[in-house]
There are 2 protein chains.
Amino acid sequence: MKPEALDWSVENCTIGRAMAILGERWTVVVLREVFNGVRRFDDMRVRTGIPRQVLTNRLAALVEQGVLRREPYREPGARVRHEYRLTPMGFDLWPVLVAVLAWGDRYLADPEGAPLSVRHRDCEEPVRVALRCAAGHEVTEPRDLVPRPGPGACRRVD
Amino acid sequence: MKPEALDWSVENCTIGRAMAILGERWTVVVLREVFNGVRRFDDMRVRTGIPRQVLTNRLAALVEQGVLRREPYREPGARVRHEYRLTPMGFDLWPVLVAVLAWGDRYLADPEGAPLSVRHRDCEEPVRVALRCAAGHEVTEPRDLVPRPGPGACRRVD
């Protein structure tokens, strides 16, 4: 039986486009740092061990793609440097990071548990991702999700 | 001001570990195919244009990491082949894919809109990721999320 998905083009796939930005191990690690409040090049270097040139490239790419922005700061007696902050597009990656974190915690954590916990500022309770449909139903079973062609779906041309 | 995150080790970071699996553009594209019901090597090849050897390697890695499993099938007159199916660990990536998709759709879609829509099987309404804390509050503002050391957090050793 031929899967229905084969009828559709993946040319304009937004998962593909998102992963062209996120799909590199260090990129998400850099984003994790910024979400954690680590915004300066040297601090990121120390924490992550990412080679200097790789980190420079990642940060430049994330700025160019609109996920981070550079903000000048100046320590006393030092030259002006820049720190990296999330743009609104960057902030909207929170659900992606929380979802990746939950999956990693479930399957890949050490016996002691997760090193990081994302919490709600008001009540300090842990935050989780949930799936919910537009009619308000909770979607807890993976099999209750079905992929359908969206408004921008294109028939595949052989 | 020194960010508090700098006190903590990222050695056991589960985002890092998750991205060591997912952090490669083609890997998530392969997963998208399987979630879409495209399970066979040749179909994936046709849809994605991933080079044969790269696709072979990605699939082998995903099987080894426990995200996919191989299941034999046999077309009439042909030799036994394998298709790739999600394990429970793989199915649990749904929230990650839905979150990546939502972000991609918001910032990276063509003017016609998203090519793919994930829907609730029962009512066919679109499904979204939501963030909710354990006390039941909806968390809609990115700034309402705060990262905290988890049970497995380790102090960083300089």
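**Close-up views of a predicted two-chain model**

**View 1. Chain A as a whole.** Of the 158 residues of chain A, 46% count as buried, where buried means under 20% relative accessible area, exposed over 50%, and partly exposed in between (1.4 Å probe, protein chains only). This is a predicted model, in which local features need pLDDT of at least 70 and side-chain atom pairs count only at pLDDT 80 or more, while totals for chains, interfaces and linings use all residues. Residues are numbered from 1 along each chain as its sequence is written, chains are lettered from A in the order in which they are written, and side-chain values use heavy atoms, leaving out hydrogens and water. Chain A has six helices and five strands, taken as DSSP runs numbered from the N terminus (helices H or I, at least four residues; strands E, at least two). Follow the sequence and you will read α-α-α-α-β-β-α-α-β-β-β.

**View 2. The largest nonpolar core, around Leu68.** A nonpolar core here is a set of buried Ala, Val, Leu, Ile, Met, Phe, Trp, Tyr and Cys residues joined through side-chain atoms within 4.5 Å. Of the 73 residues in the largest one, A:L68 and B:L68 touch the most other members. This core draws at least three residues from each of domain 1 (1-87) and domain 2 (93-146) of chain A, with bounds from an automatic or database domain assignment. Setting aside neighbours within four places in sequence, the contacts of A:L68 (heavy atoms within 4.5 Å) include A:V30, A:L31, A:V34, A:Y84 and A:L86.

View 3. Strand β5 (residues 145-149) of chain A and β3(B) run antiparallel, joined by five bridges; strands pair if DSSP finds at least two bridges between them. Look for A:V146 opposite B:R119. In chain B, β3 spans residues 116-120, and four of its five residues are buried.

View 4. A:G150 lies in the segment after β5 of chain A. This glycine counts as buried because its relative accessibility is 13%. Beyond its neighbours within four places in sequence, A:G150 is in contact with B:A114, B:P115, B:L116 and B:S117.

**View 5. Cysteines without disulfides.** A search over all chains finds zero disulfides, meaning pairs of cysteine sulfur atoms within 2.5 Å. For A:C123, the nearest cysteine sulfur is that of B:C133, 3.6 Å away. For B:C123, the nearest is that of A:C133, also 3.6 Å away. A:C123 counts as partly exposed because its relative accessibility is 26%.
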